[in-house]
Amino acid sequence: MKQKHQNRYIDREKSWLAFNERVLQEAADETVPLLDRLRFLGIFSNNLDEFFRVRYASIRRISMSKNASKKLDNGQTASELLQEITEIVINLQSESLKILHKIEEELNKQNIFMINETEIDETHYGFIKDFFINEVSPDLVTIILNDLAEFPLLRDAHGYLAVKMVMKQNPNSSKTEFKRTRYAVIEIPNHINRFVVFPEINGKRFIMMLDDVIRYNLSSIFSIFNYERVSAHMIKVTRDAELDFDSDLHKSFLEKISNSVKDRRVGEVVRFVYDNKMEKDTLQFFLDKMEIEAIDSIIPGGRYHNRRDYMKFPNLGRKDLQAKNNYPLPVEGLDIEGSFFSQVKERDFLVHTPFQSFNYIVRFLREAALDPKVSDIKITLYRLAQNSQIISSLINAAKNGKSVTVQIELRARFDESSNIYYAELMQTEGIKLIFGVKGLKVHSKVCVIERNEGKKLRRYGFISTGNFNESTSNFYTDVTLLTAHQKIMKEVSKVFDFFEVNYKIQRYKHLIVSPHFTRIRLYNLIENEIENALAGKPAFIKMKMNSLSDYKMIDRLYEASRAGVKIQLIVRGICCLIPGIPGMSENIEAISIVDNLLEHSRIYMFGNDGNPSIFISSADIMTRNIDERVEVTCPIYNEDIKQELMDTFDIYWSGNVKVRVHSEDLSNSYRKDDDHIFRAQLELYNYYRNKIEVILE
């Protein structure tokens, strides 16, 4: 009898931290251009902020509840897990500081210098004073804390300078009288670029953090105080991002979400990060005033926090220090200047961004907005660009007399305010809004367009793995199916019927829709592969996704592995499945690709006895996507597109650059082949380019 493996799953939180370590590896990779390495540092920091606001905060709530002593799925209590997470994060933060220091040394070799307030060349004195007076000072919020009855609210994820002023001793006081200390806090403005670029000197570029510009001008800020010395150290708080909803029946859902987002700014502090050079009495003053006692929430850091701002580090015109951005390629056979309705009526098309342009989706909507035969447009929206062309197209359609229905998810985490703004804008333009389903987030990415062709109503539309967001489409890999398949489009219409009448569960023959059918349909697809394998037939499962954390689905994949089904998994982020364990998962391989583009597409393939079943989806294999959201998984019927997606998966799977192997020890080891370098994202671009070149020939 085979010995049972000790663990069946990897802890979700630790797996996520391992993913963020992969992002940090990109910042450390000397083959990555310098400015992109800084961008990866920014992404690492931004990811960590969101982790603390959501996942860490959730575990912390458990640790403070009546279930605090209950063991979690990984065998630890919530408090034990929090302590381990804190230790991992402190180590990752320390490593990120070392990486930043190395990057700055390399920037120096390129005549780019990060300087602080003590390193200013005299030729820059006038510039920094003028910049502070004209750009910074008018918006600076400075609060003297000693005499306040109530400590001011420090906003989530904003940067602050904790100021300590040691006052001069009154000459008339006793020599034994202690010098009085005053404390203050300065909010670092977040609408000013945090990286202040100084005028060039002899070909050298100098950049100073906005924090240090403020430090340099402390004497100006506190000129009315008779202090002996003044110091300023950065602090940051991260707050619980969970939304609490008002139960007032008289308030609209839009109003409840709006109020809840406002309340988020006063959520419980789950992390307090401070400059480890800060004096102990200053640190204690802020901890006491903010009533922060939990040791696991107090994180020592470096001189600067909010390193997510490195995502916006100025390029200084140095394109040689950035990765080359490949120009989006055309979609084979789809004329962007021709009628989309006539072309999509003849065949399906697949748009794979950013290798191909997101403009195809916008162009489709713009044509629908103008076409006299179009009567209705229905679309789901989750995250939108800052200046959304999608919204512009929908408003244009409404102005042209079309019936436009938009299901907009107001609870898209951290995009609530933006979506509230767009919802109010669309309401004023006469667009019908649906605010989702009670208890369920709507995460599906679908659009259906109804067109009157003679006496016949014909439906067109698109189904995607990613958000309809032209900004993120420049660096998120996603696939979108443009189709006039009437049975599929009729079922997309059923999804919108469900939004309107939630108590009626629709039935689907083609689409796989959460929360009612995804689990059972995926179980059936896996079971079919198990039966084929046991019958001696070829059987495989290939899945590409962002996260894999649903234990029941993982158990089904383990069962398939034991039956002999060959399973290949490309999981960018969380992977709770343990591959390669004899007797449990020996037929499963799992990799992660973290490269210049963010892998975001979800593609699911099943061997089906030689006639592969292929799907694209908005859903990851996570419990929330399967059971707690409205998600749409769409079958691919066009043989050319099926082949394209199989080619795509195989190209990704063949990668040996930027590819890490998922393992139980979370070691993030690279898959390497010194004899044959194959960088999947670049090869995929070449794949699409070769398709176009063959046609041109």
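**Rings and cysteines**

Tutor: Ring pairs join F340, F341, Y360, F364, Y460, F462 and F468 into a cluster. This is a predicted model, in which local features need pLDDT of at least 70 and side-chain atom pairs count only at pLDDT 80 or more, while totals for chains, interfaces and linings use all residues. Residues are numbered from 1 along each chain as its sequence is written, and side-chain values use heavy atoms, with hydrogens and water left out.

Student: How is a pair of aromatic rings described?

Tutor: The distance of the centres and the angle of the planes describe such a pair. Rings of Phe, Tyr and Trp (its six-membered ring) pair if their centres lie within 6.5 Å; planes under 30 degrees apart count as stacked, over 60 as edge-to-face and the rest as tilted. The whole structure has 30 aromatic pairs. In one of them, the ring centres of F151 and F286 are 6.0 Å apart and the planes stand at 85°, so this pair is edge-to-face. Both F151 and F286 are buried (under 20% relative accessible area, with exposed over 50% and partly exposed in between, for a 1.4 Å probe and protein chains only).

Student: Which kind of pair do F340 and Y360 form?

Tutor: Their centres lie 6.3 Å apart with planes at 45°, so the pair of F340 and Y360 is tilted.

Student: How many disulfides does the structure hold?

Tutor: A disulfide is a covalent bond between the sulfur atoms of two cysteines; the cut-off is a pair of sulfur atoms within 2.5 Å. The structure holds zero. The sulfur of C575 is 7.1 Å from the closest cysteine sulfur, in C576, which is too far for a bond.
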